[in-house]
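Keep the viewer open as you read.

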Amino acid sequence: MSSLLKVTDLVVSYGGIEALKGISFEVGQGQIVTLIGANGAGKSTTLRTIAGLVPHKEGRIYYEGRDITDLNTQKIVESGIALVPEGRRVFANLTVLENLRIGAYLRKDKGLIEEDIQYVYDLFPRLRERSWQLAGTLSGGEQQMLAVGRAVMTRPKVIMMDEPSLGLAPLVVRDIFSIIQTLKDTGMTVLLIEQNANAALHACDFAYVLETGKITLSGTGEELLASEAIQEAYLGKSGR
């Protein structure tokens, strides 16, 4: 399978402390790839650097074979990479529909935007029901759906998700992972970071383990689920 996104020897520092210490990984076209690791391992930093939100010190990022390392965030979004940030960050004082329209603000194909809003509503029927509701009044699960829907409105080829299940009830978590699978089924590529290692490894095609800024292990979701080291470190108390 061809590599859609490729990170090579990426180094990122915050105030003299190296958050990422030369990591390399690939995301294949149409795959769900997950990065798992403890808090502070560098997972969010990785996604934010790819999205152009955090400057890098060394290394390169390639997308569709093109070097995008030094592009700004707007150009990265326009090229087809969207980030669903941790904590959802919807626009609380705007309606669901207004939030979705903001997701499409960089697009030139205005005629297709209405079509895509309906597509998001088909993915998330609850958002259709709450179209005119202020986003700040939605439940946590509905806000997460809206954050994903807003990213889908950019028409991405790669959608990066930062802790999509954080703070959500188990039933809602199941819904979110079902949506991730649906996105994959529609041809989208998903790069996921997730505290719920058990759910992430069951959902993904390939996984990388990040520990204190270094990738220490990689393999298919099945391989890592079967690994004693992974079971002990990530699937003990947190596995469900």
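Which residues in α6 meet which residues in α7? Gly141, Gln144, Met145, Val148 and Val152 in α6 meet Val172, Asp175, Ile176, Ile179 and Leu183 in α7, where contact means heavy atoms within 4.5 Å. Sorted by class, that contact has seven nonpolar, two polar and one charged residues. (Ala, Val, Leu, Ile, Met, Phe, Trp, Tyr, Cys and Pro count as nonpolar, Asp, Glu, Lys and Arg as charged, and the others, Gly among them, as polar.)

A quick word on the ground rules: this is a predicted model, so local features need pLDDT of at least 70 and side-chain atom pairs count only at pLDDT 80 or more, while totals for chains, interfaces and linings use all residues. Residues are numbered from 1 along each chain as its sequence is written, and side-chain values use heavy atoms, with hydrogens and water left out. Helices (H or I, at least four residues) and strands (E, at least two) are DSSP runs, numbered from the N terminus.

Back to that pair: the axes of α6 (residues 140-152) and α7 (residues 170-185) come within 10 Å and cross at roughly 15 degrees. That makes α6 roughly parallel to α7. Here axes are lines fitted to C-alpha atoms, for helices over the stretch in contact, and angles run from 0 to 180 degrees between N-to-C directions. Angles under 35 degrees count as roughly parallel, over 145 as roughly antiparallel, 65 to 115 as roughly perpendicular and the rest as oblique.

From α3, Val96, Asn99, Leu100 and Gly103 meet Leu146, Gly149 and Arg150 of α6. That contact divides into three nonpolar, three polar and one charged residues.

Helix α3 has a contact with α4 (residues 110-123) as well, with axes that come within 11 Å and cross at roughly 125 degrees. The two are therefore oblique to each other. Val96, Leu97, Leu100 and Arg101 in α3 meet Glu114, Ile117, Val120 and Tyr121 in α4, giving six nonpolar, no polar and two charged residues.

The largest pocket holds about 670 Å³, and of its 29 lining residues Val77, Leu83, Gly103, Tyr105 and Thr154 are the closest to its centre. (On a 1 Å grid over the protein atoms alone, a pocket is an open set of points where a 1.4 Å probe fits, with protein on both sides within 12 Å along at least five of seven lines; lining residues have an atom within 4 Å of a point. Grid points are joined across faces, edges and corners, and a volume is the space filled by probe spheres set on the points.) Helix α2 gives the most to this lining, with six residues. The second largest pocket has a volume of about 230 Å³, and Pro170, Val173, Arg174, Asn196 and Ala199 lie nearest its centre.

Finally, check the backbone at aspartate 9, in strand β1 (residues 3-14): its phi is positive, about 50 degrees, although it is not a glycine.
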